[in-house]
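Please look over the sequence and the model below before reading on.

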Amino acid sequence: MRSLYRRIVIGLLAIAVLAPVGLIIYQSFLTAAFFSPRARFGLDAYRYVFFDKNFYKALGTTAIFSFGMVAIAVPLGGLLAF
């Protein structure tokens with residue numbers, strides 16, 4: 001009985017987490033707004049992003065910022081944990 005309850009809870013949690021993610025992924029492949037009647041399946045959004053030079057500049061800035069934060073947080077967190 002306990003195993004069944006656990007499986008039901010894990011299944012509901014998986015649906016609660018993955019359903020919005022699935023909807024976001026589906027919407028990323030639409031050529032117009034989700035509720036628009038002219039929305040079609042396509043790769044226009046990805047084409048726009050990957051051919052935009054500002055995207056790569058922002059990606060580089062984000063990567064530098066992320067690695068810098070990890071370089072600070074991991075040693076500091078290790079020191080403060082003990």
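The chain holds 3 helices and 0 strands, where helices (H or I, at least four residues) and strands (E, at least two) are DSSP runs numbered from the N terminus. Along the sequence this gives the pattern α-α-α. With a radius of gyration of 21 Å, well over the 12 Å that the globule rule gives for 82 residues, the chain is more spread out than a compact globule; the radius is taken over C-alpha atoms, and the rule is 2.2 Å times the number of residues to the power 0.38. Taken along the principal axes, the C-alpha atoms fill a box of roughly 55 × 50 × 15 Å.

This is a predicted model, in which local features need pLDDT of at least 70 and side-chain atom pairs count only at pLDDT 80 or more, while totals for chains, interfaces and linings use all residues. Residues are numbered from 1 along each chain as its sequence is written, and side-chain values use heavy atoms, with hydrogens and water left out.

An unreviewed UniProt entry places the feature "transmembrane region" at residues 12-35 and 55-81; such positions are given in the numbering used here, feature names are shortened, and annotations may be inferred rather than shown by experiment. In the model, residues 12-35 are 71% helix and 0% strand, with their end C-alpha atoms 27 Å apart. Residues 55-81 are 100% helix and 0% strand, and there the end C-alpha atoms lie 37 Å apart.

How much of the chain is buried? Buried residues make up 6% of the 82 residues, if buried means under 20% relative accessible area, exposed over 50%, and partly exposed in between (1.4 Å probe, protein chains only). The chain exposes about 7,500 Å², of which carbon and sulfur atoms supply 75%; these areas come from the Shrake-Rupley method with a 1.4 Å probe, and for residues only the protein chains shown count as cover.

Part of this surface is a nonpolar patch of about 880 Å², made by Leu43, Tyr46, Tyr48, Val49, Phe50, Phe51, Tyr56 and Leu59. The elements that give two or more residues to the patch are helix 2 (44-50) and helix 3 (53-81), and helix 2 gives the most, with 4 residues. Tyr48, found in helix 2, is exposed because its relative accessible area is 62%. Asp44 is also found in helix 2, and at 40% relative accessibility Asp44 counts as partly exposed.

The whole structure has 7 aromatic pairs, meaning rings of Phe, Tyr and Trp (its six-membered ring) with centres within 6.5 Å; planes under 30 degrees apart count as stacked, over 60 as edge-to-face and the rest as tilted. The rings of Tyr26 and Phe34 have centres 6.1 Å apart and planes at 90 degrees, so this pair is edge-to-face. Phe55 and Tyr56 also form an edge-to-face pair, at 5.1 Å centre to centre and 75 degrees between the planes. Phe55 is partly exposed at 27% relative accessible area, and Tyr56 is partly exposed at 44%. One aromatic cluster is formed by Phe29, Phe41, Tyr46, Phe50, Phe55 and Tyr56.

How values were computed:
Patches are made of residues with over 30% relative accessible area and no salt bridge: like charges are joined within 9 Å, nonpolar side chains (Val, Leu, Ile, Met, Phe, Trp, Tyr) within 5 Å. A salt bridge is a side-chain nitrogen of Lys or Arg within 4 Å of a carboxyl oxygen of Asp or Glu.
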